Amino acid sequence: MVTVDEVWDALAEIPDPEIPVISLVDLGVVKGVEVENGTVRVDFTPTFMGCPALEVMRSAMEEKISALGAVADVTARLDDSWSTDDITAEGREKLRVAGFAPPTPRPATGTIDLVQLQRGFRCPYCSSTSTRLENLFGPTPCRSIRYCEDCRQPFEQFKTI
């Protein structure tokens, strides 16, 4: 019989379809795992509504659970919103090592304005805070493009959402 810990370990092996350096577990999209009578129930929340990777993530989770010898019941929770605060500390470090500036924690007020987005973020290559916002709109809705004034490298900044 499969255990909850075995399921979490298996799900931690699934890379995010868009950013494979981070797993679905480290990304924080897996919200819950339950095991009962050979059936594994997994609730997950996509990073944003209409995420094109939704079915890819669901299928990958179902495959991992089936490989454990259990029946998979994977449900996308659309009544809950994902936040960059859900990314684990390990996930943030994996993003940084891969050249992404991890998101900052959301402020206590819960609101983020353009002034916050334009302030200097730490460059993932040289650690400088002398960076500037190049383009608010990056390759996906959750990322923007920044430029480091010191090492002259462009990099992607995860928006805090």
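1. Let's start with Glu134, which is partly exposed because its relative accessible area is 43%. For this wording, buried means under 20% relative accessible area, exposed means over 50%, and partly exposed is in between (1.4 Å probe, protein chains only). Glu134 forms a salt bridge with Arg132, with 2.7 Å between the closest N and O atoms. A salt bridge here is a side-chain nitrogen of Lys or Arg within 4 Å of a carboxyl oxygen of Asp or Glu.

2. A word on what you are looking at: this is a predicted model, in which local features need pLDDT of at least 70 and side-chain atom pairs count only at pLDDT 80 or more, while totals for chains, interfaces and linings use all residues. Residues are numbered from 1 along each chain as its sequence is written, and side-chain values use heavy atoms, with hydrogens and water left out.

3. Back to Arg132, which is partly exposed, with a relative accessible area of 33%. The side chain of Arg132 also meets that of Glu149 in a salt bridge, at 2.2 Å from N to O. This pair links distant parts of the chain, 17 residues apart: Arg132 is in strand β5, and Glu149 is in the loop between β6 and β7. Glu149 is partly exposed too, with a relative accessible area of 32%. Helices (H or I, at least four residues) and strands (E, at least two) are DSSP runs, numbered from the N terminus.

4. Another pair worth a look is Glu156 and Arg143, a salt bridge whose closest N and O atoms are 2.5 Å apart. Arg143 has 6% relative accessibility and so counts as buried.

5. How many salt bridges does a search of the whole structure find? The search gives 11. Elsewhere in the chain, you can find Glu36, Arg41 and Asp73 linked in a network of salt bridges.

6. Now for helix α3, residues 54-67. Its 14 residues reach 20 Å from the first C-alpha to the last, close to the 20 Å expected at 1.5 Å a residue; the expected span is 1.5 Å times one less than the number of residues. Just after α3, Gly69 takes a positive phi of about 85 degrees.

7. Which residues of α3 are buried? They are Leu54, Met57, Arg58, Met61 and Ile65. Seen down the axis of α3, these buried residues fall within an arc of 100 degrees, so they line one face of the helix; the arc is that of the directions from the helix axis to the C-beta atoms. Glu63 and Ala67 are exposed on the other side of α3. The cover over the buried residues includes α1 (4-11), α2 (24-27), β1 (30-36), β2 (39-44) and β3 (71-76), where contact means heavy atoms within 4.5 Å.

8. Finally, please check two backbone spots. Ser127 is not a glycine, yet has a positive phi of about 70 degrees. Ser127 lies in the loop between α5 (114-118) and β5 (131-135), and counts as partly exposed at 38% relative accessibility. Arg152 also has a positive phi, near 65 degrees, in a residue other than glycine. Arg152 is found in the loop between β6 (143-148) and β7 (154-158), and counts as exposed at 58% relative accessibility.
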